[in-house]
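User: I would like a close look at one packing contact, followed by an account of its surroundings. Please go carefully and give the cut-off behind each term as it comes up.

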Amino acid sequence: MDIDARGPRFGAAVTAVVLAVALITGSAWLLAWQVLAFALGASGGMPRSPYGWLYKKAVRPRLGPPTEFEAPQPPQFAQAIGLVFTVVGLIGFTAGPEWLGLAATGCALAAAFLNAAFGYCLGCEMYLIVRRMAVRAE
């Protein structure tokens with residue numbers, strides 16, 4: 001079942017804010033929260049992520065009906081990619097080296113910002129590339 005395309009973009013906006021604040025403050029706890037949010041989104045899809053739930057309960061009822069839908073698999077894959085980067089970032093911030101935490105969190109922030117500001121989902125594009133490669137390999 002396809003999902004409202006505005007939901008993942010909303011989640012990316014919240015993610016970008018959370019990651020920016022985590023970078024500015026150096027808060028490992030805030031980054032750990034984002035790791036959890038990505039883990040839930042990667043394992044259960046956008047409707048199971050905290051930001052997907054917030055979108056469904058608080059934002060979507062205030063908007064008109066969706067006009068664009070998308071398959072749930074690319075955003076879920078993007079959540080998994082975000083999970084990898086934020087886990088690496090959390091390791092960098094808690095165990096060192098700090099530059100690793102800054103770099104990995106910065107990469108996750110850049111990807112979230114691209115989706116939030118321009119609707120360009122890097123993780124979704126990676127999903128499509130991987131899928132095409134898998135089809136060619138068959």
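Which residues in helix 4 meet which residues in helix 5?

Analyst: This is a predicted model, in which local features need pLDDT of at least 70 and side-chain atom pairs count only at pLDDT 80 or more, while totals for chains, interfaces and linings use all residues. Residues are numbered from 1 along each chain as its sequence is written, and side-chain values use heavy atoms, with hydrogens and water left out.

On the side of helix 4, Phe-85, Thr-86, Val-88, Gly-89, Gly-92 and Phe-93 make the contact, and they meet Glu-98, Leu-100, Gly-101, Leu-102, Ala-104, Thr-105, Cys-107 and Ala-108 in helix 5; contact means heavy atoms within 4.5 Å. By class, this contact has eight nonpolar, five polar and one charged residues, where Ala, Val, Leu, Ile, Met, Phe, Trp, Tyr, Cys and Pro count as nonpolar, Asp, Glu, Lys and Arg as charged, and the others, Gly among them, as polar. Helices here are DSSP runs of H or I with at least four residues, strands are runs of E with at least two, and both are numbered from the N terminus.

As for geometry, helix 4 and helix 5 pack at an angle of about 155 degrees, with their axes 6 Å apart. That angle makes helix 4 roughly antiparallel to helix 5, given that angles over 145 degrees count as roughly antiparallel, under 35 as roughly parallel, 65 to 115 as roughly perpendicular and the rest as oblique. The axes are lines fitted to C-alpha atoms, for helices over the stretch in contact, and the angles run from 0 to 180 degrees between N-to-C directions.

For context, most peptide bonds are trans.

Ala-108, one of the contact residues on helix 5, touches Leu-19, Phe-85 and Thr-86, not counting residues up to four places away in sequence. Ala-108 also belongs to the largest nonpolar core, whose 10 residues are Ala-16, Leu-19, Ala-22, Leu-31, Val-35, Leu-90, Phe-93, Ala-108, Leu-109 and Ala-112. Helix 1 (6-25), helix 2 (28-44), helix 4 and helix 5 (98-118) each supply at least two residues of this core. A nonpolar core is a set of buried Ala, Val, Leu, Ile, Met, Phe, Trp, Tyr and Cys residues joined through side-chain atoms within 4.5 Å, and buried means under 20% relative accessible area with a 1.4 Å probe and protein chains only, exposed being over 50% and partly exposed in between.

Helix 1 and helix 2 also pack against each other, at an angle of about 150 degrees and with their axes 9 Å apart. That makes helix 1 roughly antiparallel to helix 2, and their crossing is left-handed. Thr-15, Val-18, Leu-19, Val-21 and Ala-22 of helix 1 make the contact with Leu-30, Leu-31, Trp-33, Gln-34 and Phe-38 of helix 2, a set that divides into eight nonpolar, two polar and no charged residues.

Elsewhere on helix 4, Gln-79 counts as buried at 12% relative accessibility, and it touches Ala-37, Phe-38, Gly-41, Ala-42, Met-46 and Ser-49, leaving aside residues up to four places away in sequence.

Helix 4 (residues 73-95) has a further partner in helix 6 (residues 122-137), packed at an angle of about 110 degrees with the axes 7 Å apart. These two helices are therefore roughly perpendicular to each other, and helix 4 passes helix 6 in a right-handed crossing. Here Gln-73, Pro-74, Pro-75, Phe-77, Ala-78 and Ile-81 in helix 4 meet Gly-123, Cys-124, Met-126 and Tyr-127 in helix 6, and the residues of this contact divide into eight nonpolar, two polar and no charged.

Finally, Gly-119 lies in the loop between helix 5 and helix 6, where it counts as partly exposed at 41% relative accessibility. Gly-119 touches Arg-9 and Leu-114, not counting residues up to four places away in sequence, and its C-alpha atom is separated by 9.3 Å from that of Pro-8, 111 residues apart along the chain.

Conventions. A crossing is left-handed if the near helix is turned anticlockwise from the far one by less than a right angle, and right-handed if clockwise.
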